[in-house]
Amino acid sequence: MPTHPLLDVDFVELLEPYLEDVGHVFQVFREQDSGCVSYGVALGSEQWFVKSAATSAGVVSLRRALDVHGAVRHPAIVPLRHHFPIKDGLALIYPWVEGEVLYHPTVAHHGGRSAPESPMARFRSLPVAEILQSLNVILDAHLAVEKAGFVAVDLYDGCLLYDFEAQRMALCDLDEYRPGPFILEADRLPGSRRFMAPEEFSKGSAIDIRTTVFVLGRVLRLLLDAGDDERKWRGSPSQLKVIERATASDPADRFASVAALVRAWRGACSGRC
């Protein structure tokens with residue numbers, strides 16, 4: 001049988017010419033603020049997402065992704081199928097998953113969450129029951145993250161891939177997730193300030209599962225609000241109370257685990273999620 005040009009390759013010197021030679025590159029993501037360049041590639045009836053890095057920081061991040069996918073499995077987390085070195089870097093191969101990331105930061109443009117046509121605005125306008133279903137998927141995926149001994153780093157709406165037609169939520173680009181707990185040795189962790197816990201900005205602080213609880217609380221808060229200014233809450237008072245505990249400034253005041261957060265959230269949903 002012939003080898004697969006993406007799943008069986010061991011090394012590619014120049015990635016983009018290679019992809020154009022073996023398949024059809026139908027989409028290119030060049031202006032990512034991560035410095036990575038990604039491609040949508042069709043090989044016959046197959047479609048793949050190829051993510052590459054050629055900078056030292058980008059390669060470090062993608063190597064973290066290898067550890068994450070080696071330890072964490074969940075149906076909603078887009079699985080890593082293969083990886084191989086390229087000239088001065090690394091390429092990761094994922095199946096192409098239909099949908100739109102809720103936020104798409106680029107070097108040239110940040111913002112757009114509030115624009116009516118943006119994926120985030122469209123998601124926020126969905127029926128509450130549909131949003132709750134997606135939130136439940138995100139929480140359930142992080143039960144698997146917790147079980148594997150990892151903590152969420154750089155989780156934000158750019159990691160959330162939603163298929164509006166199929167009403168299906170997936171998680172992608174979890175490259176910065178790390179085994180925890182750990183001590184922050186830099187001045188801050190990578191991530192979106194809107195989602196990050198206070199300790200992620202403090203060198204020497206402990207980053208553990210309570211940090212993940214905070215970030216998940218922010219996901220719940222921001223996705224179940226009709227606007228970007230957090231003044232149009234669409235959930236219930238009991239759900240908001242759960243979020244307030246999850247996002248307490250002092251980690252000791254938060255839920256002690258993702259599992260505890262999930263139990264409290266589902267109890268507050270009264271069978272709706």
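Biologist: Which residue in β5 does Trp48 stand opposite?

Modeller: This is a predicted model, where local features need pLDDT of at least 70, side-chain atom pairs count only at pLDDT 80 or more, and totals for chains, interfaces and linings use all residues. Residues are numbered from 1 along each chain as its sequence is written, and side-chain values use heavy atoms, leaving out hydrogens and water. Strands (E, at least two residues) and helices (H or I, at least four) are DSSP runs, numbered from the N terminus. In β5, the residue opposite Trp48 is Pro95.

Biologist: How many bridges join β3 to β5?

Modeller: Two strands pair if DSSP finds at least two bridges between them. Strand β5 covers residues 89-95 and runs antiparallel to β3. The bridges joining them number six.

Biologist: Which residue in the hairpin of β2 and β3 takes a positive phi?

Modeller: Strand β2 (residues 37-43) pairs with β3 in the antiparallel sense over seven bridges. Two residues lie between the strands. The one with a positive phi, near 65°, is Gly44.

Biologist: How many of the eight residues of β3 are buried?

Modeller: Buried means under 20% relative accessible area, exposed over 50%, partly exposed in between (1.4 Å probe, protein chains only). Strand β3 spans residues 46-53 and is largely enclosed by the rest of the structure, because its buried residues number six.

Biologist: At what angle do α5 and α7 pack?

Modeller: Axes are lines fitted to C-alpha atoms, for helices over the stretch in contact, and angles run from 0 to 180 degrees between N-to-C directions. The axes of α5 (residues 209-223) and α7 (residues 258-269) are 9 Å apart. Their angle is about 30°.
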